[in-house]
Amino acid sequence: MEQHSARSIRPRLQYLVALIAGGLTTLTASPFNWWWLAPIVIGLMYWGTHRLSTGQAVIKGWWYGLGLFGTGTSWVYVSIHDYGYTGAPLAVFLTALFAMAMALFPAITLGLYRGLVVRAWPPGALFFRGSLITALAFAGAWVLGEALRTYLFTGFPWLLIGTSMVDAPLSPWAPVLGVYGLSLITALTGTLGVELLRRRWLAGLPIAILWLAPLTLPQHWTEPSGNPVRVALLQGNLPQLIKWTEQGQRQAVNTYSALTQAQNADIDLVLWPEAALPMFEDQARPFLERIQANLSPDTALLTGILQRDDAGNAYNGVIGVGNTRGHYRKEHLVPFGEYLPLEGLLGGLIAFFDLPTPTMTPERSKQPPMQAAGLEIGTAICYEIVYPDLVANRARDANVLLTVSNDTWFGDSFGPLQHVQMARLRALENGRYLLRATSNGVTVIIDPKGEITAQAKRFTTTSIEGDVQAMQGLTPFTRTGSWPVWLMSLLLLAPALVGVGSRKQRQSVNS
């Protein structure tokens, strides 16, 4: 009886540990930035998983995901309740449903790890044939799980464990391996750290190498080119609930007109945020040209705006007036924000699902960089900035990065702060200045090392100014993207997968 009770308690303890680990992961991200917790989180998830059945490992992963997304993406409630005209009980239910659905990704990761790896190589007997292989395989499985979450269905690469390392000693790895490389190093630190605590001293060697190597990496992968460009980023801080009304349109025109006219004469580039004027480009063009007429002839103005074509398709775009060329249309749309999946079923069912703007169309064709004030600008609108390979693809042909966003949907929550943390990592990965213009914050200028050089106060109508430079050269990550890290993660899993095949072969012979 006592032995059965002990066995039944162990999985419950693992589930509790996983739930706590998920909450701790949120503390590694902005605004807390306790990056040192990240390897501990991985260690907690690795510890004891081999003692569980495959089904129990799936449940452990699910509890981790519930702790992570239940705390780290609690801002979903704000957008549903405050701006989606949804009552609190239903908003809580939808937010919980979202967290439970996203928790399936770490559940799959731990389930596959336990089902494939541990079954083939039970740890504990021999260091090189057991614990080391499973420690490496867990780290590889973790990163592949993050990659799966990035691309499966619409993708949600939010709160990747590597993002927390933007301010850590590991950050010099970012231009080499990108965010998934940081995740891999963090995961290896956690799993090998557990083996080190088990007095398998050799596990400390790769940890030391991974953490000391940044001291030998180049400090600069890209170099400034040309003269500094003076930029101004405007933050209108307009109320979201009336934005798409006639009153909201008038207020937007008046606000951004006044902010633009207040800029100094030495400004080369003025930036407005995503959908700064709540109207289509053809409706806004007269206002924009009137505002541009009051600026210096050499001053460029870029703004987020909705566009439409002759076929009636609507696009979320960025356009320019004055000293500019080209435009950009968003490629990766946000479900329930820019289009409605299963529209026939969900449309009209809940007020939150009734979009205040037309359903957007993604741009499918390849888009060259926009040109403004002598800069070649790679653009990512709002949510696109969280996709590292999408941004790296932009950076290959551009010398400055731009993202415009409307984070008003998330109120005074963690969401916008996490969002800007990911933008900082994109700047560091690609060695480019990154300009982030938002409706009510966080509006920032980020340098090629991922450091914020200018920042507007949130929830204020204001602007910031600063100098940026075109950067020449490509970082290793910009050249290759994430596939080398995904390949490394697969290679870490390879010995375990070979073990699965060998085990099946032995069982076949014995039978």
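At roughly what angle do the axes of helix α8 and helix α9 cross? Point 2 takes this up.

1. Basis. This is a predicted model: local features need pLDDT of at least 70, side-chain atom pairs count only at pLDDT 80 or more, and totals for chains, interfaces and linings use all residues. Residues are numbered from 1 along each chain as its sequence is written, and side-chain values use heavy atoms, with hydrogens and water left out. Helices (H or I, at least four residues) and strands (E, at least two) are DSSP runs, numbered from the N terminus.

2. Helices α8 and α9. The axes of α8 (residues 174-197) and α9 (residues 204-212) cross at roughly 150° and come within 9 Å. Axes are lines fitted to C-alpha atoms, for helices over the stretch in contact; angles run from 0 to 180 degrees between N-to-C directions. α8 is therefore roughly antiparallel to α9 (angles over 145 degrees count as such; under 35 is roughly parallel, 65 to 115 roughly perpendicular, the rest oblique). From α8, the contact (heavy atoms within 4.5 Å) uses Ile185, Leu188, Thr189, Leu192, Gly193 and Leu196. From α9 come Gly204, Pro206, Ile207, Leu210 and Trp211.

3. Helices α8 and α14. These pack with axes 8 Å apart, at about 140°. They are therefore oblique to each other. Ala174, Pro175, Gly178, Val179 and Leu182 of α8 meet Leu425, Arg426, Leu428 and Glu429 of α14.

4. The sheet. Strands pair if DSSP finds at least two bridges between them. β5 and β7 (residues 370-372) run antiparallel, joined by 2 bridges. Arg325 has Gln371 in β7 as its bridge partner.

5. Aromatic rings. The whole structure holds 20 aromatic pairs. Rings of Phe, Tyr and Trp (its six-membered ring) pair if their centres lie within 6.5 Å; planes under 30 degrees apart count as stacked, over 60 as edge-to-face and the rest as tilted. One cluster is formed by Phe69, Trp75, Phe98, Phe156, Trp158, Tyr383, Tyr387 and Phe410.

6. A charge over a ring. The charged end of Arg329 sits over the ring of Tyr315, 4.1 Å from its centre. The cut-offs are NZ of Lys or CZ of Arg within 6 Å of the ring centre and within 35 degrees of the ring normal.
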